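Visitor: Hi! Could you walk me through this one? I'd like to start with the overall layout.

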Amino acid sequence: MKWIACKDRMPKEYEAVIVVIPKSRNKIAFSWWAKVGPAGKEQVKWFFDTSDEFCPAEEIIYWTPMPKLPTSTQ
């Protein structure tokens, strides 16, 4: 798994990824980002799959793509 710095490259908007939240003691979460707010004043916010919570863009500094799902069932 390779971690990507947000300052280097962001995932596509609404793409589900895994992120590191350093202010939460290096918490790892499933997340996606979107621009929110009125036109011309949009802000980037990260949202979390497990709740209605979100955080400002500057709180997420690393992300990695979701792992591939298994292709077979047993």
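Guide: Happy to! This is a predicted model. Its six strands make up an open sheet with antiparallel pairing, in the order β1-β6-β2-β3-β4-β5.

Visitor: Which strands stand at the edges?

Guide: Those are β1 (4-5) and β5 (54-56). Each has a single partner strand, so one side of each lacks a neighbour in the sheet.

Visitor: Nice. Which residues in β3 stand opposite I21 and V19?

Guide: I21 faces K27, and V19 stands opposite A29.

Visitor: And what about β2 with β6, how many bridges there?

Guide: Four, again in the antiparallel sense, with β6 covering residues 62-65. One to look for is V20, whose bridge partner in β6 is Y62.

Visitor: Switching topic: is β2 mostly covered or mostly open?

Guide: Mostly covered. The strand spans residues 17-21, and five of its five residues are buried.

Visitor: Which residues go on which side?

Guide: V17, V19 and I21 are on one side, while I18 and V20 are on the other. All of them are buried, so both faces of β2 are covered.

How values were computed:
Residues are numbered from 1 along each chain as its sequence is written. This is a predicted model: local features need pLDDT of at least 70, side-chain atom pairs count only at pLDDT 80 or more; totals for chains, interfaces and linings use all residues. Side-chain values use heavy atoms; hydrogens and water are left out. Buried means under 20% relative accessible area, exposed over 50%, partly exposed in between (1.4 Å probe, protein chains only). Helices (H or I, at least four residues) and strands (E, at least two) are DSSP runs, numbered from the N terminus. Two strands pair if DSSP finds at least two bridges between them.
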